[in-house]
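Notebook, opened with the model on screen.

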2 protein chains.
Amino acid sequence: MKSLLLAELGIPIEFANVEGPKSQKNHSIIDLHASALNHRDVWITKGMYPGIVTPIILGSDGVGKVDGKNVIINPGINWGANESVQSNDFEVLGLPRNGTFAEKICIENKYIYSKPEHLSILEAAALPLAGVTAYRVLFSRCQLKSTDKVLVTGAGGGVALMAIQFALANGCEVHVTCGSDEKLGRAIELGVSGGYNYKKEDWYKDVKVHFDIIIDSAGGDSFQHLVKLCAPGARIGFYGATLGKYNNLNPQLLFWRQVSILGSTMGSDADFKSMLDFVSKNKIHPIIDEVFDLKDGAKAFDKMAAGKQFGKIVLQH
Amino acid sequence: MKSLLLAELGIPIEFANVEGPKSQKNHSIIDLHASALNHRDVWITKGMYPGIVTPIILGSDGVGKVDGKNVIINPGINWGANESVQSNDFEVLGLPRNGTFAEKICIENKYIYSKPEHLSILEAAALPLAGVTAYRVLFSRCQLKSTDKVLVTGAGGGVALMAIQFALANGCEVHVTCGSDEKLGRAIELGVSGGYNYKKEDWYKDVKVHFDIIIDSAGGDSFQHLVKLCAPGARIGFYGATLGKYNNLNPQLLFWRQVSILGSTMGSDADFKSMLDFVSKNKIHPIIDEVFDLKDGAKAFDKMAAGKQFGKIVLQH
């Protein structure tokens, strides 16, 4: 079958013929019609991820057909029984096991769900990993309420945009930070109430709101300023930290305001199911930046690496 | 009446005659028999607290008699209706309103509770502020379970010792850090399973356990090492940060293990009542370091400032 293969570290991803998956008990072989990229895929090709094995077919998000029915895959494998944290056996589809950038995949049946009816195949492909990550950090970890004022940093990324859409659908007042005025304009079209360009020096001094919920994946030295923007009882949820370590955090602000800083990773099976239900009930359409053919996967990886996208980069198989 | 008065900033606390409190509607005048010091009292005398007014009678912890009945005071005034965070009107007894280092105090009836029967007057005086702070951070914020492995830093301080006693009474395996081997010995007598002297370089490398709950009030540069000692799903609760800002925190560890860092301050009325119930049910006796006469209050303040105590410093009126 055709696939996007990372043959070994240090060379670009390639469109290659590989052997198709074999059937297994309690599994189904899905004819994949679309998939989507995540930062994780790019980081793996650059060797910036633990436990990399090659050759490997990358890809966590996949939508396709089984027995004539459109299905979507939960990419969180072996979460385990504890809702509060994944088990030691947890893995994300696409490393170490082969992922969705291929014509077919063999997946255990419990990870296969009906595609939300209101979504196109391409939209549905944009949903799984970003959707479940955004859902867990917002709802399961930060306990989002409709009266909460929400700040999402780095609008443009897949999870951040999904968090913005989920919070808006939940009735919240949402503000964002972006790295460009163009992205700010796009976010405002979505319905956010305030936007701040984090490339402007001391951007946080322009923020006149204190937030109940802040969703971040940047971390680094700017995280200290998020602490200053917390309302009493605020929750800061984070699912990544591309800028690295936290420094210069003021604990007095945090304990006096009884702030919670909540680390979050992906989501449980229950989170995935709740996310699908929420997206269906609220008729949320994931934002697609661009669609590439599977054979042009290398170009899709280049665009993801450049970080200029607003929404998900989708592959059509 | 006799009192310990801070007449103005910059001079020591003095044993002085002041006018007694006037009666008010829905309030009672308590004949105070004992009180206890908290770090807060010392910091106020040093000007290290917001909103200091003088002259003032300090003191948050008080036990005494009303109508022949032994009573204990909840020092958290005007918490408000939100369990997750105190209101803007919240204050701790003893600043800005006059506190318990005096022969009498006038207190709104809703802050007056029966003294736990198993406690002496002096033991009960050691309980309120440290007890409610420890109870909230452990139970309301960190959701302590009997199966949790717990690390409490800075054993010796009033809240830390109370947290150790509460976690032990809850059936938990408890470990501690201390600044002296003598305090470590005292903690082991209490029943802790492991102790580490934080003055030893790289002390955290000797710790072979990962903790579900870590209770801290030191903060500063050593906080980064606590992050490394977290089990998956761990909660770090903190109610102070005597060593200041957090630096060099590794967010990857935090989000992958889905750690929660939970700021906590004092406790609500519900926390105070639950704490009294827990202490009574488990027959917990607060640890008293030394008892001073009210007239020797200045000596008690000096001992607290030196930080050599193991347990609460109590005043007998």
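Predicted model: local features only at pLDDT ≥ 70, side-chain atom pairs only at ≥ 80, totals over all residues.

I take helices (H or I, at least four residues) and strands (E, at least two) as DSSP runs, numbered from the N terminus, and the expected span of a helix as 1.5 Å times one less than its number of residues. Residues are numbered from 1 along each chain as its sequence is written, and chains are lettered from A in the order in which they are written.

Entry 1, helix α8 of chain A. I checked its length: the 13 residues (269–281) should span 18 Å at 1.5 Å a residue, and the end C-alpha atoms are 18 Å apart, which agrees.

Counting a residue as buried if 20 or more other C-beta atoms, placed from the backbone, lie within 10 Å of its own, and as exposed if 12 or fewer do, I found Asp271(A), Phe272(A), Met275(A), Leu276(A) and Val279(A) buried in α8(A). Seen down the axis, these buried residues fall within an arc of 135° (taken from the directions from the helix axis to the C-beta atoms), so they line one face of α8(A). On the face turned away from them I noted Ala270(A), Asp277(A) and Lys281(A) as exposed.

Lys283(A) takes a positive phi of about 50°.

By an automatic or database domain assignment, chain A is divided into domain 1 (2–127 + 286–316) and domain 2 (132–263), whose C-alpha centres lie 27 Å apart.
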